Amino acid sequence: MNHIAPGRNAGVYNYDEIDRRFVSERVEQFRAQVARRLSGELTEEEFKPLRLMNGLYLQLHAYMLRIAVPYGVLTSRQMRKLAEIGRKYDKGYGHFTTRQNLQFNWIKLEETPEILNELAEVDMHALQTSGNCVRNVTTDQFVGAAKDEVVDGRVYAEILRQWTTLHPEFTYLPRKFKIAIMGSEKDRAAIRIHDVGVFAKRNDKGEIGFAFYAGGGLGRSPFIGKLIREWVPEEDFVAYLEAILRVYNQYGRRDNIYKARIKILVHELGQEKFTAEVEEEFARLRGPKYRLAPEIVAEIRRRFGGPSFEDLPPVSAALEQAKAANEAFARWVAVNVTEHKAPGYAVATVSLKPAGGIPGDATSEQMELVAALADQYSFGEIRVSHAQNLVLAHVKQDDLFALWTALEGAGLGTANVGLIGDIIACPGLDYCALANARSIPLAQAISERFADPARQQLIGELGIKISGCINACGHHHVGAIGILGVDKKGVEFYQITIGGDPTLTTAIGDILGPAVTEHEAVDAIEAIVEVYLANRHDGESFLATLKRVGHGPFKERVYAAH
Amino acid sequence: MALLKAITANRLRDGEVVFLKAEGVWVERLDEAALFEDAAVADTALAAAKAQAERDQYGVDIYAFDLTLKDGRPDPVKARERIRALGPSVRTDLGKQAAA
């Protein structure tokens, strides 16, 4: 076996023999299931739920394999394996998703068991990436590195992974169940649009506890998660979540797929009644059996290891010199680099959104380059963000120029993180069997229109999010500008919303007016941006300007020609 | 323009998009697919294709879709079927269109 050596990486959970045996057994189980399907022993109806439990979907062109990247954290070795699988079994590229996973689009059923076997060699799998189970728990892409971090969410996300993977009560939930955890002051994980959002924090005594939000979700009926408990002590973390899931399992609707998510249950029962049900269940569960002992938390935390940061001055003279000498690099630092908790280090985001590119797509060569750069500059560790970018979380400020130079050479040096070119887009009708319209061509056209990096920086933070259908994988509801693809008698149209917000002040965007054609959509986005720039006060965000001036000027300008 | 129908599936073992050419015969290119002018005949062929594909473990997700003839070649009415027959519009180097 060729496993990752414990302690080699900065912040990736190290599997033990139990973890490895479990994943290997699941591979062999699926290998037998595929053989039985191909021989006709299993019908498609019998086989479909089994393949979905292993992340294998049937899409427009082929099977799609969704590989779990637990809470978005990867080792360089795992990234190299993904690159190798992309080259060997797919068409040399993969797609990073809004759930911090990776999808391959051209997979053969008969080769899938071998792919899963290769993934298991590097402690990876495709479990909990599909089906009506607790899905891959997501968290802040800057976890363990951000200067504003209060609690390391990885530890609790991993506890949930272990707790949910084989939990018999949660194998057949009414619908899928998505949990996001945030442990910093700023919400970078969009927790209130998840079935359960967890906000990890500390009290005055420094003890760790959690605020729980429930009933958030996008899709056909978007809802913002409601705060159901302000403080759950660490030892009750699992018990409280189990209580929520039990209430959902008991009352969630299984008769209507459109009403099966917990958001509908919370909405129909009402926040007060739902909370009372959870509290009642929690009171029953609370006790030794469900107590999350500090020793367990400490052991999980230990298995993540941790980088040994050098004692560095807080400001790097080399970085300052490089910025002064190179305008493009200075812009990249200003836009893509975030403050690190350790002096002299920085968090670098690698944009997968070049102008005119496909959001979230990376070639095998690019994956290998990022893996090599992670080894060289960031303790061999990589993160995937829900915004479909990659992150090298622990880079010495002294090394940023060398890192950027290498990224630039591979088309990965785009300075647009959080700006208008950093568009979130689902695969849309180019790949997805559920989509009504294409998302990617519109994202490409918009990013080309706003390709000038200086103009993007002038516009400032402005999130565009595009979904190709009402399932909202592209999070369009919470985009400052959201775009939803719709099918009108076989023709693709795009409905624009404005005013969405994915942070803790979550807001669902409002529909601006009638849907527009693909051709009109790019001009409409430009019109919205122009109205914003013409009306904004100094330093005012898009959402603040919108709140002050209202929808009128935007609507008027976009539909002026109609 | 008169609507025609063709029958499509994904091949079980590799997911490849295939089209029914004749009873029990599937092809990878829409140009070679059987085109049905009569909806009732298409329905009968679809039922037979489903039974055959399940019996032989050949194809899944089998259905009929609308198309017309454009310059003598089959042209799906819906963008979804055009994209299935060709490949992703954003990666013309991939899919069936790449080998065209």
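The paragraphs below go through these topics in that order.

The model is predicted. Chain A has an average pLDDT of 95, and 98% of its residues reach at least 70. Residues 1-7 of chain A are an exception, with pLDDT below 50; this stretch still has 13 contacts in the model beyond near neighbours in sequence. Where pLDDT is low, predicted coordinates should not be read in detail.

Five strands of chain A make an open sheet with mixed pairing, in the order β6-β7-β8-β9-β10. At its edges are β6 (138-139) and β10 (226-233) of chain A; each has a single partner strand, so one side of each has no neighbour in the sheet. The partner pair β9 (residues 208-214) and β10 of chain A is antiparallel and is joined over 5 bridges. Within it, A:Pro233 of β10(A) is the residue opposite A:Gly209. Helix α5 (residues 153-165) of chain A lies across β6, β7 (179-182) and β8 (196-202) of that chain, at about 155 degrees to β7(A).

The largest nonpolar core contains 196 residues, and A:Ile181, A:Ile244, A:Val370, A:Leu400 and A:Ile528 have the most contacts inside it. Helix α6 (residues 237-251) of chain A supplies the largest share of this core, 10 residues. Leaving aside neighbours within four places in sequence, A:Ile244 contacts A:Val196, A:Ala214 and A:Val278.

Between the chains, 24 residues of chain A are in contact with 23 residues of chain B. On the chain A side, helix α14 (residues 440-449) gives the largest share, 3 residues. By class, that side of chain A has 12 nonpolar, 7 charged and 5 polar residues.

Notes: Residues are numbered from 1 along each chain as its sequence is written. Chains are lettered from A and ligands numbered from 1 in the order in which they are written. This is a predicted model: local features need pLDDT of at least 70, side-chain atom pairs count only at pLDDT 80 or more; totals for chains, interfaces and linings use all residues. Two residues are in contact if their C-beta atoms, placed from the backbone, lie within 7 Å. Helices (H or I, at least four residues) and strands (E, at least two) are DSSP runs, numbered from the N terminus. Ala, Val, Leu, Ile, Met, Phe, Trp, Tyr, Cys and Pro count as nonpolar, Asp, Glu, Lys and Arg as charged, and the others, Gly among them, as polar. pLDDT is the predictor's confidence in each residue, from 0 to 100. A nonpolar core is a set of buried Ala, Val, Leu, Ile, Met, Phe, Trp, Tyr and Cys residues joined through C-beta atoms within 7 Å. A residue is buried if 20 or more other C-beta atoms lie within 10 Å of its own, exposed if 12 or fewer, and partly exposed in between; C-beta atoms are placed from the backbone. Two strands pair if DSSP finds at least two bridges between them. Axes are lines fitted to C-alpha atoms, for helices over the stretch in contact, and angles run from 0 to 180 degrees between N-to-C directions.
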